[in-house]
Amino acid sequence: MYGNDNWINSYLDAILDAGKGAGSGSGGGGGGDRPSLLLRERGHFSPARYFVEEVITGYDETDLYKTWSRANAMRSPQERNTRLENMTWRIWNLARKKKEVEDAKRLKRRLETEKPRTDATAEMSEDLFEGEKGEDAGDASVAYGDSSAGNTPRIGAVDKLYIVLISLHGLVRGENLELGRDSDTSGQVKYVVELAKALSSCPGVYRVDLLTRQILAPNYDRGYGEPSETLVPTSSKNLKQERGENSGAYITRIPFGPKDKYLAKEHLWPYVQEFVDGALSHIVHMSKIIGEEIGCGHPMWPAVIHGHYASAGVAAALISGALNVHMVFTGHFLGKDKLEGLLKQGRQTREEINMTYKIMRRIEAEELSLDASEIVIASTRQEIEEQWNLYDGFEVMLARKLRARVKRGANCYGRYMPRMVIIPPGVEFGHMIHEFDMDGEEDSPSPASEDPPIWSEIMRFFTNPRKPLILAVARPYPEKNITTLVKAFGECRPLRELANLTLIMGNREAISKMSNMSAAVLTSVLTLIDEYDLYGQVAYPKHHKHSEVLDIYRLAARTKGAFVNVAYFEQFGVTLIEAAMHGLPVIATKNGAPVEIHQVLDNGLLVDPHDQHAIADALYKLLSDKQLWSRCRENGLKNIHRFSWPEHCKNYLSRILTLSPRYPAFPSNEDQIKAPIKGRKCIIVIAVDSASKKDLVCIIKNSIEATHKETLSGST
């Protein structure tokens, strides 16, 4: 059974199907009262479903547990098969549920008489992934990880933490990020850079290292080839003077892969082990330096190794295992969810998708990261329930049951799942500039102030630049649904008369030099502009700096416009938070994280991204109703503090501090010489010439006899 993924996956599919009817059967153990699973195969025999039906109807939970124990005992730790283990546990849970149905009356009486068991059962039924029993599961702040457990250690109680972040792909630097230059230099790059800066400003954090790839390729800025770059946080200006020479946040670039070539994330997989070797060397060296600097007398090992995206998750798993430190993982855009979305589009087969995106390798890496992680950080509840729940290493209901069993001290028989923690990304409020007061009146501009250059670059597109500005910031990818937005704007004449449309679609030199997918989307947008004759009403600048995006938000707010994100599915949508930060109401897709963001901010409207008429109606309603616009703006500014980086870091560090400290156990050379041989098994392979064989055999024989005597005498 080991390694046969197709069989195991078919078993799981069958188990899930059987689970729908497992609880509906009558009290007996047989399956005669419900239609046979085999009959539902329309005449085709299914060994997987036959196996499940026989197991569910023919065995009790004790036999299932014995079967699982025997299978687990036969495999060595290196050959542990997580999928097979999950399959057995799911079967056991189905059998337990069936037994509970049969013994409903007895169980009800027991729950009424045993108060602790009642509390545990109620806790198991609550919709909680992180937090204690006293938290309100229905509160949006709890859903976004804003609350902490009552027994969480205070951050100030820990003096110095060393945190390592890993993000392998994209163009990573501290300032003037080239977001949109390619598909890999996107929101994740901005996220990890700002996270490193924010963590380094927190009390209790001594140093943060962001490890990424060193890029020496031509046509790329020389800064990407620098081995190290200091990240300047927006607060704690005199950080080094206060803490030490090596304190603060740094980008450390590890050379791996072809030195003179920039690689997309799909082509980094063969070189991950090379990165791990270089990263281990850096971490060990830096841990010793920090230990000497703070005077603790021993190396200061990382509190956590935090991997971002699947490839970095594999690297983090290997590094955390080698150093015996905790691992944290953030998946960002998950592989299984992307695979399902691409298959639904119908443009590519599964084989073509795998060839293009290396999607199966990515999914396997995410499974490995799940197994190795202590904590998995998600942006929203939806990410946990609908995306991580697709993976073999995590199941929502089983995770809740295991959590409840642990809390009441019950045995989980070694079953493990990582803790899922909801912490939304933060935004930097240092750039926040209010162009209006809370009544919607424009502040009088300073005599010395000048309009940012990007404003004139956008305004030159418009015949009437005084109209409200509808702003969309998205890369030209099919899933961003930019073409539907242009159609909605072009076909709604009242909306065209009321507002202008601005599309910020990354940076480009020429359409011919873009990737095929991006070029096709951009060509479609330009074709629609020509078809609806939108010249003078739509702006689509070729270039902008990362720092100028904030000025573009300000421009839209000054014209009393709106921000729009109508992606088919949005993983989180940091742009929605940035828009709210600048007092800009939003129109957002109802698919994905924007739903939860809207519950917190309440600063706009949600729409079906497939319905262009609904998009146009929502935009027209928001821009034409001044009271609605002002109310949405006020709500966004009032609640935006929930998405600040300080709030994010507070929750992040509070979770890390619940982990018990773990450190490498590297013995010194003297300890290795004196270490007893008892309990150790080794094989010595030595190449010698024939003349010395006899002497070598005598030496080994005498050593073994001496060791055996010491063991019997108890001296070792």
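Two strands count as paired if DSSP finds at least two bridges between them. With that in mind, let's walk through this predicted model, starting with its sheets.

**The six-stranded sheet**

Strand β9 (residues 469-473) and strand β12 (residues 562-565) run parallel and are joined by two bridges. Across this pairing, Leu471 sits opposite Phe563 in β12. Both strands belong to an open sheet of six strands, ordered β11-β10-β9-β12-β13-β14, with parallel pairing. Its edges are β11 (538-539) and β14 (604-607), each of which pairs on one side only. Helix α22 packs on this sheet and touches β9, β12 and β13 (586-589), its direction making about 175 degrees with that of β12.

**The eight-stranded sheet**

A second open sheet has eight strands in the order β3-β4-β2-β1-β5-β6-β7-β8, and here the pairing is mixed. β3 (228-231) and β8 (419-422) each have a single partner strand, so one side of each is left without a neighbour in the sheet. On average, and ignoring direction, neighbouring strands are turned by 25 degrees against each other. Inside the sheet, strand β1 (residues 161-166) and strand β5 (residues 304-308) run parallel, joined by four bridges. Val164 stands opposite Ile305 in β5. Helix α26 (residues 645-656) packs on this sheet, where β1, β2 (205-213), β5, β7 (375-378) and β8 are touched; the helix direction makes about 110 degrees with that of β1.

| Strand pair | Bridges | Sense |
|---|---|---|
| β9 (residues 469-473) and β12 (residues 562-565) | two bridges | parallel |
| β1 (residues 161-166) and β5 (residues 304-308) | four bridges | parallel |

**A helix pair**

Back to α22, which also has a helix partner. Helix α22 (residues 574-581) packs with helix α23 (residues 594-601) at an angle of about 25 degrees, and their axes are 10 Å apart. Angles under 35 degrees count as roughly parallel, which makes α22 roughly parallel to α23. The crossing of these two helices is right-handed. On the α22 side, Leu576, Ile577 and Ala580 meet Pro594, Ile597 and Leu601 of α23. Sorted by class, this contact has six nonpolar residues, no polar and no charged ones.

**Aromatic pairs**

Finally, the rings: the structure holds seven aromatic pairs. In one of them, the ring centres of Phe256 and Phe275 lie 5.3 Å apart and the planes are at 65 degrees, so the pair is edge-to-face. This pair links distant parts of the chain, 19 residues apart: Phe256 lies in the loop between β4 (248-254) and α10 (272-294), while Phe275 is in helix α10.

Terms used:
Residues are numbered from 1 along each chain as its sequence is written. This is a predicted model: local features need pLDDT of at least 70, side-chain atom pairs count only at pLDDT 80 or more; totals for chains, interfaces and linings use all residues. Side-chain values use heavy atoms; hydrogens and water are left out. Axes are lines fitted to C-alpha atoms, for helices over the stretch in contact, and angles run from 0 to 180 degrees between N-to-C directions. Angles under 35 degrees count as roughly parallel, over 145 as roughly antiparallel, 65 to 115 as roughly perpendicular and the rest as oblique. A crossing is left-handed if the near helix is turned anticlockwise from the far one by less than a right angle, and right-handed if clockwise. Contact means heavy atoms within 4.5 Å. Ala, Val, Leu, Ile, Met, Phe, Trp, Tyr, Cys and Pro count as nonpolar, Asp, Glu, Lys and Arg as charged, and the others, Gly among them, as polar. Rings of Phe, Tyr and Trp (its six-membered ring) pair if their centres lie within 6.5 Å; planes under 30 degrees apart count as stacked, over 60 as edge-to-face and the rest as tilted.
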